[in-house]
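These are my notes from going through the structure. I put down each thing as I looked it up.

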Amino acid sequence: MKKTVYIRFTIILLIIGFMLSVQYNTVQDPKTRDTRDIWAIRQELSVETETHSELLSEVYMLDQTILKYENMVNESAEFALKDTVEQLKEDIGLDEYTGPGLTIKVEPSLESIALGQPVEGISPDLLIRLINEINRFKAKDIEVDGKRIIYSSPIRDVNGKTTVNNISVRNAPFTIKIGTSTFEDAQKMYNQLEASTIGDDFYIDNLKLKIGEPEHKITISAFDQTINNRFLKEVPEGES
Amino acid sequence: MWLPLLGLILGISLGLLTEIQIPEIYESYLSIAVLAALDTLFGGIRAHLQHVYDDKVFVSGFFFNIGLAAALAFLGVHLGIDLYLAAIFAFGVRLFQNIAVIRRIMLTKWSERKNQ
């Protein structure tokens with residue numbers, strides 16, 4: 001009888017001991033320490049502030065649209081809608097863009113010309129990198145060798161040729177046009193591209209980036225293919 | 001006498017060596033379960049010393065108390081009331097009472113032995 005009691009106590013104490021040590025392990029687990037210094041925190045703060053101001057400007061724009069709708073609802077709702085459609089078309093690149101921007105020329109590097117090396121086309125990876133870089137600097141519209149980049153533009157290798165929108169890109173030299181919201185943005189973009197290390201990446205591939213001066217007026221052609229829309233459907237007339 | 005202590009040491013070393021950790025959100029459940037287990041343990045020791053120990057009561061009490069305490073804590077989290085405080089209070093009070101009774105019994109035994 002006494003032995004079974006002791007065995008019971010032993011088992012219960014074993015469980016308690018296990019639970020205690022698990023609890024101890026959990027409590028003792030060192031929390032990840034915040035080791036950022038003031039500078040790193042300031043940088044993060046500045047990024048957040050930028051996001052904040054971007055969001056505010058977006059809110060302002062949407063407010064403007066609402067205001068426009070409210071103003072026009074009595075006069076002509078159709079006009080406001082058309083205006084929005086035009087604006088959206090311009091935003092996604094279905095309309096020609098005319099406005100401030102700059103032009104980048106991709107040329108073979110001087111070394112490759114001097115050494116007589118064959119000029120090879122730009123690789124899709126490099127082009128994607130450049131476009132990401134440009135987008136990071138807040139480009140509004142981009143055109144690569146006459147092909148307008150939209151949200152769904154594929155950049156890939158087809159049979160050894162780099163294609164944009166399924167049309168192949170010429171070997172260097174070719175031009176890349178970048179449209180920006182304002183002329184100041186174009187100037188900023190020019191400076192940022194000049195300071196960026198993207199030129200070095202091009203140099204590895206025997207290419208040279210010639211960044212043109214910001215211009216007040218450049219023209220970027222519209223996206224000339226049809227956009228496949230798989231998810232949105234038109235509402236039949238009479239329904240809303 | 002030494003067997004239960006061995007069990008405790010074995011349990012602690014098992015837990016420490018396996019380095020098992022539980023997510024932070026379940027920490028309160030485990031702590032309350034530990035408290036419930038300790039309460040049952042001291043209750044069992046007291047009952048044993050008072051010669052009223054019942055195997056079924058002890059084992060069922062152990063698991064039932066742990067389950068109840070965890071359930072109470074769970075309910076508390078979902079109702080937004082700190083219900084686990086009720087369990088801590090109940091178990092805490094009982095723990096002290098049990099330990100007091102154990103101490104008295106031990107003291108009586110000791111003084112009896114001294115007198116003999």
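**Entry 1: Ile88(B)**

I began with Ile88(B), which I found in helix H4 of chain B. The model is a predicted one, and I read everything below with that in mind. Is Ile88(B) buried, exposed or partly exposed? I counted 19 other C-beta atoms within 10 Å of Ile88(B). Buried needs 20 or more and exposed needs 12 or fewer, so Ile88(B) is partly exposed.

Next I looked for what Ile88(B) touches, leaving out residues up to four places away in sequence. The partners are Ile32(B) and Leu35(B). Ile32(B) is 56 residues from Ile88(B) along the chain, and their C-alpha atoms are separated by 6.8 Å.

**Entry 2: H2(B) with H4(B)**

H2(B) packs with helix H4 (residues 84-115) of chain B at an angle of about 25 degrees, and the axes are 9 Å apart. Angles under 35 degrees count as roughly parallel, and H2(B) and H4(B) are therefore roughly parallel to each other. The crossing of H2(B) past H4(B) is left-handed.

I then listed the residues of the contact. On H2(B) they include Ile32(B), Leu35(B), Phe42(B) and Leu49(B). On H4(B) they include Ile88(B), Phe91(B), Leu95(B) and Ile102(B). Sorted by class, the contact of H2(B) with H4(B) has 16 nonpolar, 3 polar and 3 charged residues. Arg46(B) of H2(B) and Arg94(B) of H4(B) are among the residues that make the contact.

**Entry 3: H2(B) with H3(B)**

H2(B) has another helix to check. Helix H2 (residues 27-49) and helix H3 (residues 55-79) of chain B have axes that come within 8 Å and cross at roughly 150 degrees. That makes H2(B) roughly antiparallel to H3(B). I recorded the crossing of H2(B) past H3(B) as right-handed.

The contact includes Ala33(B), Ala36(B), Gly43(B) and Gly44(B) from H2(B). From H3(B) it includes Phe58(B), Gly61(B), Ala69(B) and Ala73(B). The residues of the contact of H2(B) with H3(B) divide into 11 nonpolar, 6 polar and 1 charged.

**Entry 4: Tyr26(B)**

I stepped back to Tyr26(B), which lies in the loop between helix H1 (2-18) and H2 of chain B. Tyr26(B) has 13 other C-beta atoms within 10 Å, so it is partly exposed. I also checked Tyr26(B) against Ala70(B): the two are 44 residues apart in sequence, and their C-alpha atoms are 9.7 Å apart.

**Entry 5: where chain A meets chain B**

How many residues of chain A and of chain B are in the contact? I got 22 residues from chain A and 31 residues from chain B. On the side of chain A that touches chain B, the residues divide into 13 nonpolar, 7 polar and 2 charged.

**Entry 6: chain A overall**

I turned to chain A and found 7 helices and 9 strands. Buried residues make up 22% of its 240 residues. Of the contacts in chain A with a separation of 6 or more, 79% join residues 24 or more positions apart.

I looked at strand E2 (residues 141-144) of chain A and found both faces covered. Asp141(A) and Glu143(A) are buried on one side, and Ile142(A) and Val144(A) are buried on the other.

E2(A) pairs with strand E7 (residues 174-179) of chain A in the antiparallel sense over 4 bridges. The bridge partner of Val144(A) in E7(A) is Ile176(A). E2(A) is also joined to strand E3 (residues 147-149) of chain A, again antiparallel, by 3 bridges. Here Ile142(A) stands opposite Ile149(A). E2(A) and E3(A) form a hairpin with 2 residues between them. In the turn, Asp145(A) has a positive phi of about 50 degrees.

**Entry 7: the sheet E4-E5-E6 in chain A**

My last entry is an open sheet of 3 strands in chain A, in the order E4-E5-E6, with antiparallel pairing. Strand E4 (155-158) and strand E6 (167-168) of chain A each have a single partner strand, so one side of each is left without a neighbour in the sheet.

E4(A) and strand E5 (residues 161-164) of chain A are joined by 4 bridges, and Ile155(A) stands opposite Val164(A) in E5(A). Helix H5 (residues 124-136) of chain A lies across E4 and E5 of chain A, and runs at about 170 degrees to E4(A).

Conventions:
Residues are numbered from 1 along each chain as its sequence is written. Chains are lettered from A and ligands numbered from 1 in the order in which they are written. This is a predicted model: local features need pLDDT of at least 70, side-chain atom pairs count only at pLDDT 80 or more; totals for chains, interfaces and linings use all residues. Two strands pair if DSSP finds at least two bridges between them. Two residues are in contact if their C-beta atoms, placed from the backbone, lie within 7 Å. Axes are lines fitted to C-alpha atoms, for helices over the stretch in contact, and angles run from 0 to 180 degrees between N-to-C directions. Angles under 35 degrees count as roughly parallel, over 145 as roughly antiparallel, 65 to 115 as roughly perpendicular and the rest as oblique. A crossing is left-handed if the near helix is turned anticlockwise from the far one by less than a right angle, and right-handed if clockwise. Ala, Val, Leu, Ile, Met, Phe, Trp, Tyr, Cys and Pro count as nonpolar, Asp, Glu, Lys and Arg as charged, and the others, Gly among them, as polar.
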